[in-house]
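Reader: Please take one part of this model, the packing of its helices, and go through it closely. I would like the geometry of each pair, the residues involved, and then the setting in the chain as a whole.

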Amino acid sequence: MTCENKATSDVRENLPSALRRLTTADEVESTVGLPASAVMLKQISALDEGCRTVLARCPIAAFGYRDADGTSRTTFIGGTPGFVRVHSPTRISFSLPEPGDPHGPVSFFFLLPGVGEILRVNGSVAARKGAETTVDIAEAYVHCAQAVLRSRLWQPPAPAESVAPAASAAEFAGDGPLRRPGVAEFLAAAPFLALSTWDGSGGSDTSPRGDRQEVARILDGRTLVVPDRKGNKRADTLHNLLADDRLSFAALVPGRTGVLHVRGRGAITDDPALLETMALRGMPPHLALLIDVEHAEVTGSDAVARSRLWTPGAHVDRGAVPDLMALAGEHLAAGSAAAEGGPPAFLLKAVGAIPGMARLLRLVMNRAYRSGLRKEGYEDVEPGAGSRRRGFFVRRRAADDGGTGAGATEKPLRAVRIAELRRETPSAVTLVLEDAGKDLEPFDFRPGQFFTLVADIDGRPVRRAYSASSAPGSARLEVTVKHVEGGRFSTHVHRSLRAGDRLAVRGPSGSFHTEPQLPDAPDAPDEIVLVAAGSGVTPMMSMIRSRLAVRQGRDRIALLYSSRSADEIIFADELTRLAKDNPDRLTVTHVLTGRDGRLDADGVRRWVTGLSPAAGAHYYTCGPGPLMDAVQGVLTGLGVPDELVHQERYTSGADTQAVAATAPQEMTVEEDGRPVGTVVVEPGQTLLDAGLAAGLPMPYSCTVGNCGDCMVRLRAGEITQNEPNCLTPQQRADGYVLTCVGCPLSKVTLDIADQ
């Protein structure tokens, strides 16, 4: 046990009731002091152009709010730059994709990766529709860089193995929420948090807290202590707690995509013995917050994962945003113009307009940051490249700028718009997609392949894989979506999407396809036999359309198609027309389960033997598992070689969720046995999401368990994965898993090359 841990342990014996509490504003101000008038004048009541530019470039924000029942919550929102929509200088909206229903006063702070200063915004909820939350703004101002600098938030994160916590749940006394899985370990590694409090007059405040070591330290199973070091003396958090002791916070560990959510009740202490345990180079904080924890939980954060905060190249471009200290100066001038007794506004504006003044101000502030933090006991605080222009930047290792980050492993998305929605059956609709821009490029793929569609649903990107039903080479791509009860994406398609709406696609993907019937493809079979059920006809339709469009008179296509009823036959009219127009090339046999019963092995065998296919015919089947197994058994019994049989299994599309571990788990990724990287997979996060967020070269395509492109070998550990998926029994037996639907139950090792 270190000296510091021993001192903290000695204090624990007298916690929490014996510690002195501060209960009045006079007591707080006698310790903290009063803020300078300039600090209070830099608030503005509406977003100016500088604030709007920051919001347009900001990928993530901390958000504090209370539910209708008064429960305090702090979380991180966003995921991509510009996630906040600015409707007017006093109104913004954003998506809050979580169960919480914010009411009343709310507060934010917006983080720009690589920048020390923070933009803080306070307001109140004006409207809530689904996940979309609209907020009326009451005030905005720039917060100093001290919390970010103390925490080294933008420093390249240490490798996962060196982030191993110095404390665990076994090292402190008492039961309570802090003993939940992963909580103590997360706190031991977390240098930064967003802390939300509320005052007694309808105001909210979410402020950053950072420390060189863990920012919140465990005293017992339900008690945390957070040091309160010197700042700008506003002390909003401290004054709020005197009026309302309910609080919440969300903590970050650089390099991880999880967030620790905590809520409870807070008090202020100046107990010398406790403060001494948090001293840096012999200098203790002037106060500390004691938190009686009511709830603590580590969860995966979609906003943090999508923001890629710690991947190479994540820092915002130097000239893309204003220097936030210069922006604070503009706010001070605006505040002075409206206040009495402050610095003359015209003088502040005149000084700010002097050429080079912004650069000089940045130099002065960087020097002030360095001096102030060293007086608190912090060492090696140095501005990095670019700090003179736009903020206090931390140095990055040279290797970071040339490494392979998430951007190098992510397959590109293609922005498309819906040109047309065509109703095929009461439960199936075809989306006709084209490029969202002016230039319409063709969609090249092989008939039978699929594309992954990405839509923003309730503030989160949702991905589903759908086979192309159109022929390749056109500037329009058609995918046909059947509504599935409980299917989040299919429900969104059928109920919400309209012509003109935008989506994104990735692909093509998949090995289930025919070869093009072209002169340069002499090995393409002259005869194909297709068996489909339900929406399994969609890749078959692409095959039929593309083959009938070329090489007239040479090939033969036979389709056996099972549907529930005549009303549910997808492409019914077109199939009838094509068969009539091409009687020597296409035959279509329908099985209606409501009339004929379920298509079984005997029915398949009678149909295939009646066709008398050529010896070199290829067989393509797509549908639910029982039908696929029946077809495979029939073809094997008829002596059809395995290399002539092609299968595409599809899942129901409903949102089934595997039972994941409740604690973070370590994942090591190897390639041919050589280590590639080690990351932490958060509760509820997939192996693929964790790997991509860390910039690892993870193979993938559909992200929903349909294509098999993300299949890797599990070398060690245990996982669980959503069912059904595309893995064959033999692949499972050989130790393969799908990272896109797999979650770890223990420490795991994957080999991405052994596919």
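Author: A helix axis here is a line fitted to C-alpha atoms over the stretch in contact, and angles run from 0 to 180 degrees between N-to-C directions. The model is a predicted one. Two packed helices are described by the angle between their axes and the distance between the axes.

Take helix H17, residues 537-548, and helix H18, residues 572-581: their axes come within 12 Å and cross at roughly 35 degrees. The handedness of this crossing is left-handed. On the H17 side the contact is made by Met541, Ile544, Arg545 and Leu548, and on the H18 side by Glu574, Leu575 and Leu578. Sorted by class, the contact of H17 with H18 has five nonpolar residues, two charged ones and no polar ones.

The second pair is helix H20, which covers residues 601-611, and helix H21, which covers residues 625-637. The axes of H20 and H21 come within 9 Å, with a crossing angle of roughly 50 degrees. H20 passes H21 in a right-handed crossing. From H20, Ala601, Val604 and Arg605 take part, and they meet Ala630, Val631 and Val634 of H21. By class, five of the residues in the contact of H20 with H21 are nonpolar and one is charged, with no polar residue.

Gly684 counts as exposed because its relative accessibility is 52%, and the cut-off for exposed is over 50%. In sequence, Gly684 and Cys743 are 59 residues apart, yet their C-alpha atoms are 7.2 Å apart in space.

As for the setting, the protein chain has 23 helices and 32 strands. It has 755 residues, of which 53% count as buried. Among contacts between residues at least 6 apart in sequence, 71% join residues at least 24 apart. The chain exposes about 31500 Å², and carbon and sulfur atoms supply 50% of that area.

Conventions: Residues numbered from 1 in each chain as written. Predicted model: local features only at pLDDT ≥ 70, side-chain atom pairs only at ≥ 80, totals over all residues. Heavy atoms only, no water. Helix = DSSP H or I, 4+ residues; strand = E, 2+ residues; numbered from the N terminus. Left-handed = near helix turned anticlockwise from the far one by under 90°. Contact = heavy atoms within 4.5 Å. Nonpolar A, V, L, I, M, F, W, Y, C, P; charged D, E, K, R; others polar. Buried < 20%, exposed > 50% of the residue type's maximum accessible area, 1.4 Å probe, protein only. Areas by Shrake-Rupley, 256 points an atom, 1.4 Å probe, with all protein chains shown as cover.
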